[in-house]
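Hi,

Here is the structure I said I would pass on. Have a look at it first, and then read my notes below.

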Amino acid sequence: MKILLITPDAHMHKLYIGPHVRSCREAPLTLTTLAALTGEDPDIEYKLVDESVDLVPLDFPADLVGISVMTGTARRAYALADHFRFRGIKVVLGGVHVSICPQEAAQFADSIVVGMAERTWPQLIADLRQGKLAARYDDDSPQDAFVPGLPTPRWDLLRKSGYMLPYTVQFTRGCVHACDFCTVPAVWKKFQRRPVADIIRDIKLVPGKRFAVSDVSPFDDVAWAKELLTAMIPLKKKWGGLATTRVTDDPELMDLLVKAGCNYLLIGFESTEQSSLKQIYKGFNKSDDYKETVRILHKSGITIQGCFVFGFDHDNADIFATTVQRVTDLGIDIPRYSIYTPYPGTRLFQRMEQEGRILSYDWADYDTMHVVHRPMNMSPVALYEGFRWAYKETFKIKSMLSRAFASGLNFPITLAGNITYRNYVTRLYRSRAFEMPVSSAAPTTNSQCEELGTEQDRGAPRLLSVDRRAV
Ligand code: B12
Ligand code: SF4
């Protein structure tokens, strides 16, 4: 049985080096994890395609196509699904957007998988073999504190040359926090850890010295994190991942992070304004502490990718210049900006809908680079222009080089990160000019996307254009 698994394109991290495309990030885990779930089965032949670095083989002779869907890539995913179903191939959709909007996704698939797929994916394959594919599979695994028995991802199935870091290891899933704009607490209700022994087994199987961790918040159970980091020390690997600003609170945790080989962390600072942090339920970020957080991380030899968001209700036109200045003063190595985006399923989406402030229900705009809500203290155009201005200002060559030189031994990581985002700024300025998104018939009830799956709302003509551009 030939199974084609696809992650539709997320343009942002593409880096063009001549005719070659690389993705300036870690290799994604979703497809390699799915492929591992069916174990050693000689009858199954997987082909994994991450559209950020590869072309989707539209004529592939698959028996089954599986597509992983995020909100921002939903249109592209549905277009690909249409294409393969038109060819008579069964299509299954899964992933975060499917878990939030199952009824919408079901219209484009023969089957959908809601939630994690550890149990449902092997079951789905078994059902398909017997010609009994169900329309929907729901995750019924126990939401225990630990997730035992996850296999090592099938890293061998991805094109390694496409990524900065071709090996990604999973430590945890979910998050203990509940920021209003974040999909994670909306989909994964519980913070779950993997058994330390399973994680160590996976890390030992990483062939090179370096790997990535793409879990959103793996160090918030401090006692467990210390146990894991202690077990990682003898492996002598180098790695990077994500953390919250609170990671620097515990000196022993910081010490173990360094000893375990961490030299890069992506951190959501989100705002320089405490009033905004409070409003988005991220009050555990203390703007006054940012300087100290950065100092501790730098002293520990850790490069910081610092994320800031524009468009909060307390933001006014001054926020762009204030943030750009603060990013410089703090010495953030790799700054990154996003636009506040009310993803379906989140508390923010619910609030924005109630307040009638959602401007676009076109999921393709939900990539944090487009304004999809009406800001409180500025116009949507001013938000978009301010966002672009902040990026342009921050990624001037002189600023980039000064950040890279300031990062000492981590010069290569910082420079690579800055080049990626400068590249991104260029694309941002070339991309379609800001148009006020026109909401096609806003839903009349607050039932989120379940109401949005009509022909009219999903904009059928655009969906059918499967993009055959060569990358
Ligand atoms: C790594 C990552 C990325 C990577 C790789 C994405 C990928 N698909 O692998 C990159 C860098 C590309 C990325 C980009 C973005 N990301 Co991201 N990302 C993540 C992150 C941190 C981890 C994903 C992961 O690897 N999980 C581990 C794997 C094993 O789990 P999984 O993907 O959930 O898959 C399991 C199930 O969901 C299911 N499943 C998933 N797909 C499928 C498909 C089939 C067929 C089946 C059967 C099952 C199935 O089975 C899997 C095994 O159980 C998540 C947070 C999270 N916890 O999920 C955010 C997350 C998915 N990203 C998010 C966002 C917002 C973005 C960006 C917009 C950010 C940005 N500004 O750039 C862009 C997307 C651009 C766009 N055009 O929309 C949001 C998604 C919100 C939403 N509603 O879509 C998340 C949830 C983070 C958050 N804080 O809310 N991201
Ligand atoms: S934004 Fe980060 S800290 Fe907040 S809920 Fe999401 S993953 Fe957790």
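Phe 405 sits in helix α15, residues 397-406 (helices are DSSP runs of H or I with at least four residues, strands are runs of E with at least two, and both are numbered from the N terminus). Phe 405 is exposed, at 59% relative accessible area (exposed means over 50%, buried under 20%, and partly exposed in between, with a 1.4 Å probe and protein chains only). Together with Ile 397 and Leu 401, Phe 405 makes a nonpolar patch on the surface, with about 300 Å² of accessible area in total. Patch members have over 30% relative accessible area and no salt bridge; nonpolar side chains (Val, Leu, Ile, Met, Phe, Trp, Tyr) are joined within 5 Å, like charges within 9 Å. The areas come from the Shrake-Rupley method with a 1.4 Å probe, and for residues only the protein chains shown count as cover.

A word on the basis: this is a predicted model, where local features need pLDDT of at least 70 and side-chain atom pairs count only at pLDDT 80 or more, while totals for chains, interfaces and linings use all residues. Residues are numbered from 1 along each chain as its sequence is written, chains are lettered from A and ligands numbered from 1 in the order written, and side-chain values use heavy atoms, without hydrogens and water.

Now the salt bridges (a side-chain nitrogen of Lys or Arg within 4 Å of a carboxyl oxygen of Asp or Glu). The structure has 27 of them. In one, Arg 159 pairs with Asp 54, with the closest N and O atoms 3.1 Å apart. Arg 159 is in the loop between β8 (136-138) and β9 (163-165) and Asp 54 in the loop between β4 (45-50) and β5 (64-68), so this pair ties together parts 105 residues apart in sequence. Arg 159 is partly exposed at 33%, and Asp 54 is partly exposed at 21%.

Another joins Asp 313 to Arg 351, at 2.9 Å between the closest N and O atoms. Asp 313 lies in the loop between β15 (303-310) and α12 (319-330) and Arg 351 in helix α13 (residues 347-354), so parts 38 residues apart in sequence are tied together. Through shared partners, salt bridges link Asp 313, Arg 351, Glu 355 and Arg 357 into one network. Asp 313 is buried, at 6%, and Arg 351 is buried too, at 19%.

Finally, a search of the whole structure turned up zero disulfides (pairs of cysteine sulfur atoms within 2.5 Å).

Cheers
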